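Hi,

Here is the model I said I'd pass along.

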Amino acid sequence: MKTCPFCAEDIQDEAIKCKHCGSLIDEDDGSVKKIKASQHSSYGSISLLCFLLPAIGIIVGIVYLTKDKLIDKKLGEHAIAFSFLSVIVWFILLMILL
């Protein structure tokens, strides 16, 4: 057993990802790598969509959360969070302009 450096939980030596936080383990040196939404090929376009159309971004985020790959789930989390942030930004901009 070894300890995950991100969540400090015990993981098995043979594990390819941490079952607690979802971090991937590098097979070459046994280190743990964190998956980021920015590593997804659709990151830029999804981020732009979430900023311009936050309601659609939330729907797209939910769709990505239902996928099997961990990187898709991370993109879904990013899309939902960024959409909510965009709603706040748009609200503030509208209040200033009106």
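Start with the contact between helix 1 and helix 3: Y43, I46, S47, C50, F51 and L52 in helix 1 meet L75, H78, A79, F82, S83, S86, V89 and W90 in helix 3 (contact means heavy atoms within 4.5 Å). Sorted by class, that contact has 10 nonpolar, 4 polar and no charged residues. Here Ala, Val, Leu, Ile, Met, Phe, Trp, Tyr, Cys and Pro count as nonpolar, Asp, Glu, Lys and Arg as charged, and the others, Gly among them, as polar.

Before I go on, the ground rules: this is a predicted model, with local features needing pLDDT of at least 70 and side-chain atom pairs counted only at pLDDT 80 or more, while totals for chains, interfaces and linings use all residues. Residues are numbered from 1 along each chain as its sequence is written, and side-chain values use heavy atoms, with hydrogens and water left out.

Now the geometry. Helix 1 and helix 3 (residues 70-97) pack at about 30 degrees, with axes 7 Å apart; the axes are lines fitted to C-alpha atoms, for helices over the stretch in contact, and angles run from 0 to 180 degrees between N-to-C directions. That makes helix 1 roughly parallel to helix 3 (angles under 35 degrees count as roughly parallel, over 145 as roughly antiparallel, 65 to 115 as roughly perpendicular and the rest as oblique).

Helix 1 (residues 43-52) also packs against helix 2 (residues 54-65), at an angle of about 140 degrees and with the axes 5 Å apart. That makes this pair oblique. On the helix 1 side I46, L49, C50, F51 and L52 take part, and they meet P54, I56, G57, V60 and Y64 in helix 2. The classes there are 9 nonpolar, 1 polar and no charged residues.

S86 is buried, at 1% relative accessible area (buried means under 20%, exposed over 50%, partly exposed in between, with a 1.4 Å probe and protein chains only). Leaving aside neighbours within four places in sequence, S86 is in contact with C50, F51 and P54. Its C-alpha atom is 9.7 Å from that of G57, 29 residues away along the chain.

Of the 98 residues, 28% count as buried.

Cheers

Definitions and conventions
Helix = DSSP H or I, 4+ residues; strand = E, 2+ residues; numbered from the N terminus.
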